[in-house]
Amino acid sequence: QVQLIESGGGLVQAGGSLRVSCAASGRTFSSYAMGWFRQAPGKERELVATISMSGRSTYYADSVKGRFTISRDNAKNTVYLQMNSLKPEDTAVYYCAAKLASYSGTYYFRGGQYDYWGQGTQVAVSS
């Protein structure tokens with residue numbers, strides 16, 4: 001069982017930056033690929049970024065590529081999402097998710113593939 005707790009959300013002006021964090025319980029965090037998803041009001045949940053359990057492989061949605069950076073610190077059982085050049089359309093609840101991975105370089109695109117989810121943290125970007 002893995003528990004995920006997100007933090008760091010808030011209100012920021014367009015063009016600003018924010019870093020959200022996701023702390024995981026348990027001693028096997030390094031066995032999990034991690035993902036950040038978001039869901040805006042009235043919209044479906046979408047993948048933002050994902051990172052392999054080793055941290056060496058990452059993937060970003062086109063909408064955030066070049067602006068967001070996913071990273072992880074396996075010693076601290078934490079995954080981060082650094083968000084720069086934020087836009088109003090980035091406003092959403094951001095969720096982290098964990099997937100027990102088979103290979104160190106694997107990451108996962110679909111929400112249904114993930115085993116555990118956090119409760120979400122709200123990010124609001126004003127224009």
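Me: What pattern does the chain follow, read along the sequence?

Reply: From one end to the other it goes β-β-β-β-β-β-β-β-β-β-β. Keep in mind that this is a predicted model, where local features need pLDDT of at least 70, side-chain atom pairs count only at pLDDT 80 or more, and totals for chains, interfaces and linings use all residues. Residues are numbered from 1 along each chain as its sequence is written, and side-chain values use heavy atoms, leaving out hydrogens and water.

Me: What makes a stretch a strand, and how many are in the chain?

Reply: A strand is a DSSP run of E with at least two residues, a helix is a run of H or I with at least four, and both are numbered from the N terminus. On that basis the chain has 11 strands and 0 helices.

Me: Why is Ala 92 called buried?

Reply: Buried means under 20% relative accessible area, exposed means over 50%, and partly exposed lies in between (1.4 Å probe, protein chains only). Ala 92 has 1%, so it counts as buried. It's found in strand β9, and its contacts (heavy atoms within 4.5 Å) include Arg 38, Ala 40 and Thr 121, leaving aside residues up to four places away in sequence. Across the chain, buried residues make up 46% of the 127 residues.

Me: How do you know that β9 and β11 pair, and in which sense do they run?

Reply: Two strands pair if DSSP finds at least two bridges between them. Strand β9 (residues 92-100) has 3 bridges to β11, and the two run antiparallel. In β11, Thr 121 is the bridge partner of Tyr 94.

Me: What about β2 and β11?

Reply: Strand β2 (residues 10-13) pairs with β11 over 4 bridges, in the parallel sense. Here Val 12 has Val 125 of β11 as its bridge partner.

Me: Which side chains of β11 point to the buried face?

Reply: Along residues 121-126, Thr 121, Val 123 and Val 125 point to one face and are buried.

Me: What makes the chain agree with a compact globule?

Reply: The rule is 2.2 Å times the number of residues to the power 0.38, and the radius of gyration is taken over C-alpha atoms. For 127 residues a compact globule would come out near 14 Å, and the chain has 13 Å, so the two agree. Along the principal axes, its C-alpha atoms fill a box of roughly 40 × 25 × 25 Å.
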